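Subject: Structure for your review

Hello,

I am passing on the structure we discussed. Please look through it before reading my notes, which follow below.

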Amino acid sequence: DIIYEYLYMRNEEEYVRRVKEKFFVKDGFDRFPENITLLKVPTINDPAVVDFIRKSVPDVMSVQGTSIIKEPILSMFPKGILNIHGGLPKYRGTWPMFWALYYEDFDYLKASLHFIDPGIDTGDLIMEKILDLEPEDDHHTLRAKYLLEGTFLTVQALKILAIGESL
């Protein structure tokens, strides 16, 4: 994280804003819809999250960019917890696109969807997609691309689960 902060995040606010606009702010959709419940907590394992899950009784959860999920949350979803990640299986943990670029491991510039288990990004891989690379791509644009592709993979996985099939 220290290397990332030093190399990539110095004076990057304007650049990051432009990347967000290019990939995520389209047709005026730049905020969370008002009809969706938004629960703000200091950590994913907060008791308020456990209580919310118990009351909602969901079959599956999908996450991206969360801290390590612990019990009892790990076992509260009959169909599992899906996680969008980049660079698997080699680049587990934080900043996978940075490390794949740093080591020139271009085969790991991909969006992955996997199940969460007690380890750190060690759950079974569900599906993945190699990212389309462009000459101007960097860590920020590749992160945006894997988030978008990972979202499409998540939708595919949820459709499969909705018809009663296994992943």
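Ser112 touches Asn83, Ile84, His85, Leu88, Leu125, Met127, Glu128 and Leu153, leaving out residues up to four places away in sequence. The model is a predicted one. Ser112 sits in strand 3, which covers residues 110-115. The relative accessible area of Ser112 is 0%, so this residue counts as buried, the cut-off being under 20%.

One of the residues that Ser112 touches is His85, and this histidine has its place in strand 2 (residues 81-86). His85 has a relative accessible area of 6% and is therefore buried. Apart from neighbours within four places in sequence, the contacts of His85 include Tyr91, Arg92, Lys110, Ala111, His114 and Tyr146. Pro96 is also in contact with His85; the two are 11 residues apart in sequence, with a C-alpha to C-alpha distance of 7.9 Å.

Two polar pairings involve the His85 side chain. With the side chain of Asp121 there is a polar contact at 2.9 Å. A polar atom of the His85 side chain also lies 3.0 Å from the backbone oxygen of Gly93.

As for the whole protein, it has 5 helices and 4 strands, arranged along the sequence as α-α-α-β-β-α-β-β-α. Of its 167 residues, 35% are buried. Among contacts with a separation of 6 or more, 52% are between residues 24 or more positions apart. The accessible surface is about 10900 Å², and carbon and sulfur atoms hold 55% of that.

Regards

Definitions and conventions
Residues numbered from 1 in each chain as written. Predicted model: local features only at pLDDT ≥ 70, side-chain atom pairs only at ≥ 80, totals over all residues. Heavy atoms only, no water. Helix = DSSP H or I, 4+ residues; strand = E, 2+ residues; numbered from the N terminus. Buried < 20%, exposed > 50% of the residue type's maximum accessible area, 1.4 Å probe, protein only. Contact = heavy atoms within 4.5 Å. Areas by Shrake-Rupley, 256 points an atom, 1.4 Å probe, with all protein chains shown as cover. Polar contact = N/O pair within 3.5 Å; in protein donor to acceptor, adjacent residues only side chain to side chain.
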